[in-house]
Amino acid sequence: MNEVLRAIFERRSIRKYSAEPVKREDIETVLQAGLHAPTGADAEPWRFGVLADRKMIEDLDERARAAMRESGIERIAAMGANPKYRIFFGAPVVIMIYGERTLRKTGTHLSALADCSAAIQNMQLAAFSLGLGTCWIGLLRYLFATDRCMAPEGYDPLYGMTLGYSAGPEAVRPRTRREGTVTWF
Ligand SMILES: Cc1cc2nc3c(=O)[nH]c(=O)nc-3n(C[C@H](O)[C@H](O)[C@H](O)COP(=O)(O)O)c2cc1C
């Protein structure tokens, strides 16, 4: 199996990180992989924010968990109230992904979410190929309702992505996929 297919088939979300720092060069490579994702009308409707400071990450984690507790959704509130839960799982790096609200090129907002998601997937696969773990963090949405999380003007915060070396066994969990989701016409 070639390296691209191996990354696609073997990448798993990592939810336990070692304290080992990630080399700046590797973070840059992961970001470049994100920047090379396809985008509608080639608009590149994104910005990326890199947090590599432990205190900043812990502060954001705390604010996100507080927002989860205030969400009014029982399951989410319970997660946010769990003293063992950390939204970023102790990762040494968090990449924030911001989507352009109204695309400069097309005057619509139709594809920023898709484009940013493609970038995240690229970053996840690139990180895997470098021996790094990632997790896509959508639960930040409860925080985004009241906190722009440093999004630049004209952009909305969409997702976060953790980055770091895995400290857990999750990476080798076997994966199963649902049957019956493909139709050949
Ligand atoms: C849009 C999106 C949002 C996600 N948000 C979270 C999240 O907030 N926290 C988390 O632990 N995992 C999150 N995940 C990871 C999924 O739970 C994970 O990809 C899925 O369970 C499949 O596992 P795998 O990534 O190991 O293949 C998210 C994934 C996607 C695509």
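Tutor: The core comes first here, then its setting in the chain. This is a predicted model, in which local features need pLDDT of at least 70 and side-chain atom pairs count only at pLDDT 80 or more, while totals for chains, interfaces and linings use all residues. Residues are numbered from 1 along each chain as its sequence is written.

A nonpolar core is a set of buried Ala, Val, Leu, Ile, Met, Phe, Trp, Tyr and Cys residues joined through C-beta atoms within 7 Å. Buried means that 20 or more other C-beta atoms, placed from the backbone, lie within 10 Å of the residue's own. The largest such core has 40 residues, and Ile 97 and Leu 163 have the most contacts inside it. Two or more residues each come from helix 2 (24–35), strand 1 (46–51), helix 3 (54–69), strand 2 (93–100), helix 5 (112–129), strand 3 (133–137), helix 6 (141–144) and strand 4 (155–164). Helix 5 gives the largest share, eight residues. Helices (H or I, at least four residues) and strands (E, at least two) are DSSP runs, numbered from the N terminus.

Now Ile 97. Beyond its neighbours within four places in sequence, Ile 97 is in contact (C-beta atoms, placed from the backbone, within 7 Å) with Trp 46, Phe 48, Cys 116, Ala 119, Ile 120, Leu 158, Tyr 159 and Met 161.

Next, the setting. The chain has six helices and four strands. From the N terminus, their order is α-α-β-α-α-β-α-β-α-β. Of its 185 residues, 32% are buried. Among contacts with a separation of 6 or more, 79% join residues 24 or more positions apart.

How values were computed. A residue is buried if 20 or more other C-beta atoms lie within 10 Å of its own, exposed if 12 or fewer, and partly exposed in between; C-beta atoms are placed from the backbone. Two residues are in contact if their C-beta atoms, placed from the backbone, lie within 7 Å.
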